[in-house]
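Dear colleague,

My findings follow directly after it.

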Amino acid sequence: MKRKIMAVAVFLISAAVAGGCGNSGEERETDSREMAKEDAPSTEDRDLYGFESPVRVKAGVVYAGDFEWVGKESLTDNSWMDLYKEHNIYPEIMYNVDTSQADSKLSSAIISGNYPDIFQTSTLNYMNYVNEGVLADITEAYETYASDELKEYLMSDGGEALDMLTVNGRLYGLPRLGNPYEEYSMMFIRQDWLDHLGLKVPETTEELKRTAHAFTYDDPDGNGVDDTCGLVLDGVELFTDTIGNGDPIFNAFGAYFGSDGMAMVENQEGEVVWGGSYAEGMKAALSFLQELYADGSLCKDFLTMDGDAIFEAAGSGRCGIWFGPRWAGMVPAIDAARKDTNAHIVAAPIPTAPNQARGKAYLPPSILEVHCISSQCERPETLIKMMNLSVQKICNPQNTEEFLKYSGDGTNYSGWKASLLRLQPVNRGYDDWKAESYALKTGKTERLTYSQIDDVDSMTSYLHAVEEDRFDPWDQKQARGISFYTVYGDPQCAWVTIDNMMKANAFVKSAYSSLPSREVTKTAGILKNLTVESIIKIITGDAVEEWDTLLENWYALGGQHAVDEVKVLNKS
């Protein structure tokens, strides 16, 4: 398949240049808002999706190493570019970097003053950018130009995300929403390796340790070569929202960090605490990882491995266990099958540690990222109109052809990740799993949606090929089929795992229900770096008692203020 289907996806950071877009200043922004109030068009006159005259859109393109354009599509010539041009939006590439350079590239651009008008950022950086005057106030633009479909999308969480992004009654960004249950990190493991060694999916940390050892030293792929390892983690970030997330290991022992390392949770007494403050559990988790590293069961070079490297290790058959969201087995399933057609990747809940009733996973927030527009742009409605297009084509396609054109078919169209403002339908995953797994069992497809029909068609192609002993992982439809099978079709697919975890109430939710203050956002990055550095040092040899030192430093450098802030917010 020319484009791998999931992972840290393509995202494009763009700049709308229209009617003097790029100018700045508080006076200009105020004048613009007043003009918007006075000159707001009537409902029948509004163009919710484009402009009467051309708007030049400068785009900084950022994508992961696992993304490839399919068919004849390219960076400058694809279905989304065509769509924008149809609505008088003409994208021009500003820069093109890898995901590892995305944050630094944007930060450098903002510091220089020559930065994209439309871009994506985290909730932490969102508050920084609001406070620094980087972002335009889009309150009136949203009220005037938001389509009913966009409003429905943004209300899919009851409006919580919009409320969270509203600062002093003003809105400066639009959330890309996700279903927290679809985004939490579960375990993925090579079932064919388990079968070869006569093992079962590990349910406890002790079983995980033995399995990781066997995957490293007992030739699980049966090739007679010492070329495998058990567990792999993202040693660069450690805590992420993508493949290689290390947080689930700590979750198993009762500690929680989240992708930003700042998870605030309630302890058994109902008191708000930092998720890493449970010293006993943390020391047990660190001892566990320390043993795996010393044994070689945790890949020795994990220290330099990021998400892209983990995709490569999982897909090449080098490692057999990793953690990530529901889609973290999709790309490896294709790549592993191309090396060994018997490769079989399944999902499973996080393991349970000794003295824990059951391993509970940290449930991430519903905001995956924030779409923003620069205060230098006089046309803040550009952001709203482009979001209207994304929601219309991705969440509300008119027919199968339109669905495939903008969500992707793996053959001719690269899909939703190629849009300038990417998003996906929210809260449809459970229904998709139920409908698609039922269709696979019964063959009944009459009530399926466009997307469900496409998924089932691909998975059926894969399953029939396997049954008839003609499976070809290089066939694009079969490759899509084995990929989607890890999420929706396999008896041990990601959604089976999510459903089991939901039924067991095996999740811990964040105690943070609003955006952090300016002071907290400034120290969050420092605290995460300090935390990750300390954990890595202990895994690779420092005494686990050093975690006590980390706790002292963490609270002293701003952590205590962050905890106190959440306590106050929760009481208000």
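Tryptophan 433 is buried in this predicted model, with a relative accessible area of 8%, which is under the 20% limit for a buried residue. Tyrosine 430, by contrast, is partly exposed, at 34%. By the ring-pairing rule, the structure holds 23 aromatic pairs. Tyrosine 430 and tryptophan 433 form an edge-to-face pair, because their ring centres lie 5.7 Å apart and their planes stand at 70 degrees, where over 60 degrees counts as edge-to-face.

Tyrosine 462 and phenylalanine 471 also form an edge-to-face pair, with 5.3 Å from centre to centre and 75 degrees between the planes. Both of these residues are buried. Elsewhere, one aromatic cluster is made up of Phe239, Phe250, Phe257, Trp274, Trp547, Trp554 and Tyr555.

The charged end of arginine 56 sits over the ring of tyrosine 90, at 4.8 Å from the ring centre. In the case of lysine 385, the charged end sits over the ring of phenylalanine 51, at 4.1 Å from its centre.

I would next draw your attention to helix 2 (residues 79-86). Its buried residues are Ser79, Trp80, Met81, Leu83 and Tyr84. The elements that cover them include strand 3 (89-98), helix 15 (381-395) and helix 16 (400-407). Just after the helix, asparagine 88 takes a positive phi of about 65 degrees.

Four strands form an open sheet with mixed pairing, in the order 9-12-8-13. Strand 9 (229-231) and strand 13 (345-348) each have a single partner strand, so they stand at the edges and one side of each is left without a neighbour in the sheet. From one strand to the next, the twist averages 20 degrees. Strand 8 (residues 186-190) and strand 13 run antiparallel and are joined by four bridges. Within this pairing, arginine 190 has isoleucine 345 of strand 13 as its bridge partner.

Yours sincerely

Technical notes: Residues are numbered from 1 along each chain as its sequence is written. This is a predicted model: local features need pLDDT of at least 70, side-chain atom pairs count only at pLDDT 80 or more; totals for chains, interfaces and linings use all residues. Side-chain values use heavy atoms; hydrogens and water are left out. Two strands pair if DSSP finds at least two bridges between them. Helices (H or I, at least four residues) and strands (E, at least two) are DSSP runs, numbered from the N terminus. Axes are lines fitted to C-alpha atoms, for helices over the stretch in contact, and angles run from 0 to 180 degrees between N-to-C directions. Rings of Phe, Tyr and Trp (its six-membered ring) pair if their centres lie within 6.5 Å; planes under 30 degrees apart count as stacked, over 60 as edge-to-face and the rest as tilted. Buried means under 20% relative accessible area, exposed over 50%, partly exposed in between (1.4 Å probe, protein chains only). A charge sits over a ring if NZ of Lys or CZ of Arg is within 6 Å of the ring centre and within 35 degrees of the ring normal. Contact means heavy atoms within 4.5 Å.
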